[in-house]
Amino acid sequence: MVQFSYRWVIVAAGGVLGCVAIGSMFSLPVFLLTMSKETGWSVTGISTAMTIGFLAMAFAAMIGGGLSDRFGPRVVVLTGSVILAASLALASRATSLIAFQLLFGLVVGGATAAVLIPMMASVAGWFETQRSLALSLVSAGMGMAPMTMAPLAAWLLTMHDWRASMLIIACVAAVIMIPTALLVRRPPQLEAGAGAFAGDDPQPDMTVREAVRSPQFLVLLAANFFCCATHSGPIFHTVSYAITCGIPMVAAVSIYSVEGFAGMFGRIAFGIMGDRFGAQRVLVLGLLAQAFGVLCYVFASQLGQFYSVAAVVGFIYAGVMPLYAVIVRDNFPLRMMGTIIGGTAMAGSLGMSLGPLVGGLLYDRFDSYAYLYIASWGMGLAAFLIAMTFRPFPRREAMAAA
C-alpha cells in the first residue's frame, strides 16, 4: 500500500523537476533582447546557445539514462539538478558570448537531460497499471514550464538586469530541484534485487547490446525522430508565418499559448486513452492525426483559424510524446529503462533540431511557409508508417505455449 501511494509522489516529483528544468532552459527567449542590448552580443549568437542546448540534450540523454540504470535515478537526478543550477549561475556571470554558449547551451542542456530521462524511466518502472496516465502527468508538469518559469523570468526583468534575473532563476532552481530530487527512489522491483519480479519483466534475459540492435528499438528511434521533426518546424515558424499573414506580433505570439494550453489536456487525454486502448494503437493514430493537423496550417490565414489549428496540433503532439516511454516499458527490461528511453529521447531531440532548419531553408528558397507545412506533413506520414511496422516482442507465455 505504501508503494502504491509513493508512486504518485514519484510522479509529482517528476512533474516539478521537469517543469523547473525545462522552464529554466526556456527562460532564454525571455532574456534574449535584453541580453543583446546590454552585452552587445548578437541575437543569433545568443540564440545559438539554445541550439547547442538541444544538441546537448540529445547526446546526454542516453548517457544520463545509462548512468541512471547503473547508479539509480536519485544520484543522477540530484547531480543534474546541482549542475543545472550552478551552470545557470555561472552563465549569468559570463563575460563572453562563447562562455555563455558553452555554459548555458552545453552544460544546462546536458544537465536537463540528466534530470528528465531518469525521471521518465523511474516513473515507467513504478507503474504496472495506469502507466500511460502517470507518464502523461509527468509530461504535463514539463508543459507547465512556459506558464510558470517564463512569466517569472519576465517579471524579474522588470526589476533587475538580465544577469541578476538569471542568477535568481538559478537560485529558484536549486531551492526547488535539489530537495525534490531527494524524493526520487528506484522502482520497487530494482530495490528488491535483480531477480525480484523477473517473471513479470519483459525479455528478462535481454542484454543492452541486444536491445539497442533490436528492430523494435530502431523503429522507436525512427518514429520519434520523424514525429518530433513533424511538429518542431511548425512550432518554431508559425508565429513568423502568422505575421506574414498580416496578424500583429502580440496576437501572433498568443498562438503559442493556445498550443501549449491545449497540450496540457492532450497529455492527460492521451494518457487515459493509452491505458484503455493500448499505447501503441493510440500512438499510431495520434501520429496520423498529427500529420494532417500540421498540414492544416497551410489553409490558415486569420487569427481564429490559427487558434483552431494550434489547439488541435498542440493537443495531439503533446499527447503522443509520453507514449514512447510506455511502449519501451512494455517491451524492454526494467533494468535498462534509462538507456532505452534515453535513446528514443536522443532521436526526438535530433528531430526537434531538424524542423527549424528545414523550415528556414524552404522559406528562403520559395519565399513561402506553405512548403514547410507540406514537408512536415510528409515527415508526419513517415512517422505514422514507421510506427505501423512496430511489432512487440513475443511474450514469454506465448513462446512457452508454442
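This report walks through a predicted model of one protein chain, from its overall build to a few single residues.

## Overall build

Let us start with the chain as a whole. Its secondary structure consists of 18 helices and 0 strands. The radius of gyration is 21 Å, close to the 21 Å that the globule rule gives for 402 residues, so the chain is as compact as a globular protein of that length. If you draw a box around the C-alpha atoms along the principal axes, its sides come to roughly 65 × 45 × 35 Å.

## Surface and charges

Of the 402 residues, 52% count as buried. The chain exposes about 16900 Å², and carbon and sulfur atoms supply 71% of that area.

The chain carries 20 positive and 15 negative charges.

In soluble globular proteins, nonpolar side chains tend to be buried together. Here the largest nonpolar core has 90 residues, and M35, F100, F332 and I341 are those with the most contacts inside it. Helix α5, which covers residues 97-126, gives the most to this core, with 14 residues. There is also a second, separate core of 19 residues, which includes V239, I247, V313 and Y317.

Leaving aside neighbours within four places in sequence, I341 is in contact with I117, M120, A121, A124, A325 and V328.

Helix α16 runs over residues 337-366, and S349 is found in it. Is S349 buried or exposed? With 12% relative accessibility, S349 counts as buried, because the cut-off for buried is under 20%. Apart from neighbours within four places in sequence, S349 is in contact with F54, M57 and A58.

D364 also has its place in helix α16. D364 has a relative accessible area of 65%, so this residue is exposed, the limit being over 50%. Between D364 and M142 there are 222 residues of separation along the chain, and their C-alpha atoms are separated by 33 Å.

## A buried asparagine

Next comes N331, found in helix α15, which spans residues 323-331. Its relative accessible area is 6%, so N331 is buried. Not counting residues up to four places away in sequence, N331 touches P202, Q203, F390, P392 and F393.

How far apart are the C-alpha atoms of N331 and T244? They are separated by 46 Å, while the two residues are 87 residues apart along the chain.

## Positive phi angles in two loops

Q130 has a phi near 55°, a positive value in a residue other than glycine. Q130 has its place in the loop between α5 and α6, the latter covering 131-143. At 35% relative accessibility, Q130 counts as partly exposed.

For D367, phi is near 55°, again a positive value in a residue other than glycine. D367 lies in the loop between α16 and α17, where α17 covers 370-388. Its relative accessibility is 60%, so D367 counts as exposed.

Note on methods:
Residues are numbered from 1 along each chain as its sequence is written. This is a predicted model: local features need pLDDT of at least 70, side-chain atom pairs count only at pLDDT 80 or more; totals for chains, interfaces and linings use all residues. Side-chain values use heavy atoms; hydrogens and water are left out. A nonpolar core is a set of buried Ala, Val, Leu, Ile, Met, Phe, Trp, Tyr and Cys residues joined through side-chain atoms within 4.5 Å. Buried means under 20% relative accessible area, exposed over 50%, partly exposed in between (1.4 Å probe, protein chains only). Helices (H or I, at least four residues) and strands (E, at least two) are DSSP runs, numbered from the N terminus. Contact means heavy atoms within 4.5 Å. The radius of gyration is taken over C-alpha atoms; the globule rule is 2.2 Å times the number of residues to the power 0.38. Accessible areas come from the Shrake-Rupley method with a 1.4 Å probe; for residues, only the protein chains shown count as cover. Lys and Arg count as positive and Asp and Glu as negative; His and the chain ends are not counted. The place of a charge is taken as NZ of Lys, CZ of Arg, CG of Asp or CD of Glu.
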